[in-house]
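Please look over the sequence and the structure below before reading on. The text that comes after walks through them part by part.

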Amino acid sequence: MSEAAGGHSAGPVGIDALLERIREGLERVGPHEAFDAAANGALLVDTRYAALRDRDGLIPGALVVERNELEWRLDPLGSHRVPEATSHDLHVIVICNEGYASSLAADSLQRLGLGRATDLVGGFQAWRAAGLPVRPPGA
């Protein structure tokens with residue numbers, strides 16, 4: 001199927017080129033912007049796997065949804081959605097460990113109709129480096 005027909009390009013893209021293309025369509029936010037957005041109703045979604053959360057801690061107030069469940073949990077029309085998934089207009093900021101997988105995840109959410117989905121530049125590590133609140137592991 002050609003791109004004009006709504007399909008994908010004919011040849012392989014490569015993950016770096018795909019990531020660059022996806023990021024062109026996202027209004028990515030930095031740590032302080034994400035903090036402010038959360039204070040104004042944005043939903044921070046931590047997609048890091050358990051070992052990283054156990055090692056590094058959590059962002060207070062962030063919803064933890066592992067990456068393999070993300071679309072199921074955040075689709076407002078889905079039968080397995082979380083209570084926070086109230087509308088396709090929901091401002092979602094996806095957080096992974098370093099800000100790579102979260103871009104791919106935000107793109108996937110946008111394809112589900114969550115047009116305000118984006119991700120955190122630098123991920124959890126950038127949040128922590130910016131001195132923003134982190135709940136220590138086990139706390």
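Predicted model: local features only at pLDDT ≥ 70, side-chain atom pairs only at ≥ 80, totals over all residues.

Residues are numbered from 1 along each chain as its sequence is written, and side-chain values use heavy atoms, with hydrogens and water left out.

The largest nonpolar core has 18 residues. A core here is a set of buried Ala, Val, Leu, Ile, Met, Phe, Trp, Tyr and Cys residues joined through side-chain atoms within 4.5 Å; buried means under 20% relative accessible area, exposed over 50%, and partly exposed in between, with a 1.4 Å probe and protein chains only. Val45, Leu70, Leu74, Val92 and Leu109 have the most contacts inside this core. At least two residues each come from β1 (43-46), α4 (70-74), β3 (92-95) and α5 (101-111); helices (H or I, at least four residues) and strands (E, at least two) are DSSP runs numbered from the N terminus. The largest share, 3 residues, is from α5.

Aromatic rings come next. Rings of Phe, Tyr and Trp (its six-membered ring) pair if their centres lie within 6.5 Å, with planes under 30 degrees apart called stacked, over 60 edge-to-face and the rest tilted. The whole structure has 1 aromatic pair: Phe35 with Trp127, tilted, at 6.1 Å centre to centre and 55° between the planes. Phe35 belongs to helix α2 (residues 31-39) and Trp127 to helix α6 (residues 123-129), so the pair ties together parts 92 residues apart in sequence. Trp127 is buried at 2% relative accessible area, whereas Phe35 is partly exposed at 36%.

Charged side chains also pair up. A salt bridge is a side-chain nitrogen of Lys or Arg within 4 Å of a carboxyl oxygen of Asp or Glu, and the count comes to 9. In one of them, Glu66 meets Arg53 at 3.5 Å, N to O. Glu66 lies in the loop between β2 (63-64) and α4, and Arg53 in helix α3 (residues 50-56), so this bridge ties together parts 13 residues apart in sequence. Arg53 is buried at 15% relative accessibility, and Glu66 is partly exposed at 29%. Another salt bridge joins Arg55 and Asp56, with the closest N and O atoms 2.8 Å apart. Arg55 is exposed, at 51%, while Asp56 is buried, at 8%.

On the surface, Ile15 is exposed with a relative accessible area of 51%, and its place is in helix α1 (residues 15-24).
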